[in-house]
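Welcome, and thanks for taking a look at this chain with us. Please keep the sequence and the 3D view side by side as you read.

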Amino acid sequence: MATSLGANTYNRQNWEDADFPILCQTCLGENPYIRMTKEKYGKECKICARPFTVFRWCPGVRMRFKKTEVCQTCSKMKNVCQTCLLDLEYGLPIQVRDTGMAIKDDMPKSDVNKEYYTQNMEREIQNSDGTRPVGLLGKAPSSSDMLLKLARTTPYYKRNRPHICSFWVKGECKRGEECPYRHEKPTDPDDPLADQNIKDRYYGINDPVADKLLKRASTMPRLDPPDDKSITTLYVGGLGDNITETDLRNHFYQFGEIRTTTIVQRQQCAFIQFATRQAAELAAEKSFNKLIINGRRLTVKWGRSQAARGKEKDKDGVGEMGMKLEPVPGLPGALPPPPSSEEEAPANYFNLGPSTSPAVMNISLPPPPGITNPPPPGFGPPMFHSMGSMGPPPPPPMSMRAPGHIHYPSQDPQRMGAHASRHGGS
């Protein structure tokens, strides 16, 4: 510390005494009832090296204790959290935010210039209303498309986990489940994310996390309009239970006239149909990957035409509401398509093989006892007994008879009355 605590100098008048820290939701934790320890002038700021009030707290169960790292003056100059040094509005590193807003804030790094710059910024902060940042950040445009795409909308409490136990990595930890540190394998030491510096994070230079996010922004997908010019509908997904039709209309009406708004609660999605294609394209361009309503990030895509939607449903077995329909067990399968008019299918009613010809199909049975020479097929006695007075069975159809010989019923020796007429003639 540059100046002793008991020294009564001008520098001590600039020491910071605060009642509550400036924190992001992630560092504060999810517990609304939290206890903090407050230590006046406990440490010096890691940026300006002036003593400030240090707060220490535990953000949740099985989380590590956290404390403020920079003073509130340095936090207000960059609009960042006092602990993680991420932007309070977007949750992004300073380097990513300044790149998205086209800001180049060259803060002095030498001790004398830094002290003079800090005093001027404190004077500007006192004269402001406290609702907007000061310096170049306060004069920058309000939003950026890239920042809206990369912004984190929900707290990331995983960042508050304890550090990895070094004794467990060496195989020497004997505390077991009582160990307050994590028993996990450490990351690759050559990973650039393993080497982070708080001053590089604050000044926005050589920040590995920022480099990773900027590379992700350069490779993010785009939403190209469909070729079908008749499509003027946008699909909005991930609504949840708190977003209503009024919320959607309040956002999309600025792009053009809205014809219909349909919300499907079961699928938590909505369809916004515009009156013109130009309004739909403008809404898709301004809302893709950056639409946030009631703190919830929504998915925006182009709708599909009725013909394309019907073909996909028929192909995938999707119902009217977009649900996948499972086949019902026990029901017969789908019928085969009818044959084309050019190729008439053979009338194979008995499911016979392709090598069997119905015209020559004969059922051969052993002859009854006492008959040495059985009659040829088609001329023998009937295979089935007659049923009472119903008379003899009819002769086999023409397609079931043996080829090459014409059968006349009057010449059948087995017909009724054939023996009597023969004896009468003799």
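The report below goes from confidence to the sheet, then to its helices and a few single residues.

This is a predicted model, in which local features need a pLDDT of at least 70 and side-chain atom pairs count only at pLDDT 80 or more, while totals for chains, interfaces and linings use all residues. Residues are numbered from 1 along each chain as its sequence is written, and side-chain values use heavy atoms, leaving out hydrogens and water.

**Confidence**

The predictor's confidence in each residue is given as pLDDT, from 0 to 100. The chain averages 77, and 67% of the residues score at least 70. Strand β3 (residues 66–67) has the highest confidence, at a mean of 94, and helix α14 (residues 418–425) the lowest, at 50. Over residues 1–8 the pLDDT is below 50, and this stretch has 13 contacts in the model beyond near neighbours in sequence. Contact here means heavy atoms within 4.5 Å. Helices (H or I, at least four residues) and strands (E, at least two) are DSSP runs, numbered from the N terminus.

**The sheet**

An open sheet is built from five strands in the order β5-β6-β4-β8-β7, with antiparallel pairing. At its edges are β5 (258–264) and β7, each pairing on one side only. Neighbouring strands are turned against each other by 25 degrees on average, direction ignored. Two strands count as paired if DSSP finds at least two bridges between them. Two of the pairings are set out here.

| Strand pair | Sense | Bridges |
|---|---|---|
| β4 (residues 233–237) and β8 (residues 296–302) | antiparallel | four bridges |
| β7 (residues 291–293) and β8 | antiparallel | three bridges |

Which strands does helix α11 touch? Helix α11 (residues 245–252) packs on the sheet against β4, β5, β6 (269–274), β7 and β8, and its direction makes about 145 degrees with that of β5. Helix α12 (residues 277–287) lies across β4, β6, β7 and β8, at about 140 degrees to β8. These angles run from 0 to 180 degrees between N-to-C directions, with axes fitted to C-alpha atoms, for helices over the stretch in contact.

In helix α10 (residues 208–218), the residues P208, A210, L213 and A217 are buried. Buried means under 20% relative accessible area, exposed over 50%, and partly exposed in between (1.4 Å probe, protein chains only). Their cover includes α4 (94–100) and α7 (145–150). D207 caps the N-terminal end of α10, with a side-chain oxygen 3.3 Å from the backbone nitrogen of V209.

S144 sits in the loop between α6 (136–139) and α7. Is S144 buried or exposed? With a relative accessible area of 11%, S144 is buried. Leaving aside neighbours within four places in sequence, S144 is in contact with Y90 and G100. The C-alpha atoms of S144 and T99 are 9.8 Å apart, although 45 residues separate them along the chain.

Conventions:
Polar contact = N/O pair within 3.5 Å; in protein donor to acceptor, adjacent residues only side chain to side chain.
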